[in-house]
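Hello,

Here is the structure I promised to pass on to you. Please have a look at it first, and then read my notes below.

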Amino acid sequence: CIRDSILVTSNRGVGPEHRLDSLAVFHQDEGTGLLTLTQIQPTIGQTPRDVQFTADGAWLVAALQTTDTLESYRVDAENGRLIPGTAGFPAPSPACIAQ
């Protein structure tokens, strides 16, 4: 999901012992188009699938399929970093977020 030079991807961890489900945040250089990793934000729930910015770009919502929840993250307007907000909003097996 990309908005205003910020790209966010979901990472589904591998294996039960060292699983790190997370969201990766990249900044895209407007001149070259190159991406720079700026943050790895662990999720509280498991198996993040889709992510989507709210229409105003102030929040990002992540669908966590295995834990049947949605999580929200405030987007820092200055640097694009994600700040955890509400976790655990119930949603049965979410895999896609439409806007």
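**The sheet**

Arg 3 has Ile 6 of strand 2 as its bridge partner. Before going further, a word on the source: this is a predicted model, in which local features need pLDDT of at least 70, side-chain atom pairs count only at pLDDT 80 or more, and totals for chains, interfaces and linings use all residues. Residues are numbered from 1 along each chain as its sequence is written, and side-chain values use heavy atoms, with hydrogens and water left out.

Strands here are DSSP runs of E with at least two residues, numbered from the N terminus, and two strands pair if DSSP finds at least two bridges between them. In general, strands of a sheet pair through backbone hydrogen bonds, either parallel or antiparallel. In this model, four strands make an open sheet in the order 1-2-3-4, with antiparallel pairing. Strand 1 (2–3) and strand 4 are the edge strands, each pairing on one side only.

Strand 1 and strand 2 (residues 6–11) are joined by two bridges in the antiparallel sense. Two residues lie between the strands of this hairpin, where Asp 4 takes a positive phi near 45 degrees. Strand 2 also pairs with strand 3 (residues 22–28), antiparallel and over six bridges; there, Asn 11 has Ser 22 in strand 3 as its bridge partner.

Most residues other than glycine have a negative phi. Thr 47, however, has a positive phi near 65 degrees, and Asp 68, also not a glycine, has one of about 55 degrees.

Thr 47 sits in the loop between strand 4 and strand 5 (48–53). Is Thr 47 buried or exposed? Thr 47 counts as buried because its relative accessible area is 10% (buried means under 20%, exposed over 50%, partly exposed in between, with a 1.4 Å probe and protein chains only). Its side chain makes a polar contact with the side chain of Thr 66 at 2.3 Å (a pair of N or O atoms within 3.5 Å; within protein, one must be able to donate a hydrogen and the other to accept it, and residues adjacent in sequence count only if both atoms are side-chain atoms). Beyond its neighbours within four places in sequence, Thr 47 is in contact (heavy atoms within 4.5 Å) with Arg 12, Arg 19, Asp 21, Ala 63, Leu 64, Gln 65 and Thr 66.

Asp 68 belongs to the loop between strand 6 (59–64) and strand 7 (69–75). With a relative accessible area of 37%, Asp 68 is partly exposed.

Arg 74 is part of strand 7 and is partly exposed, at 38% relative accessible area. Leaving aside neighbours within four places in sequence, Arg 74 is in contact with Ala 58, Trp 59, Arg 81, Leu 82 and Ile 83. From Arg 74 to Pro 42 is 32 residues in sequence and 14 Å in space, C-alpha to C-alpha.

Leu 37 lies in strand 4 (residues 35–42) and counts as partly exposed, with 46% relative accessibility.

Best wishes
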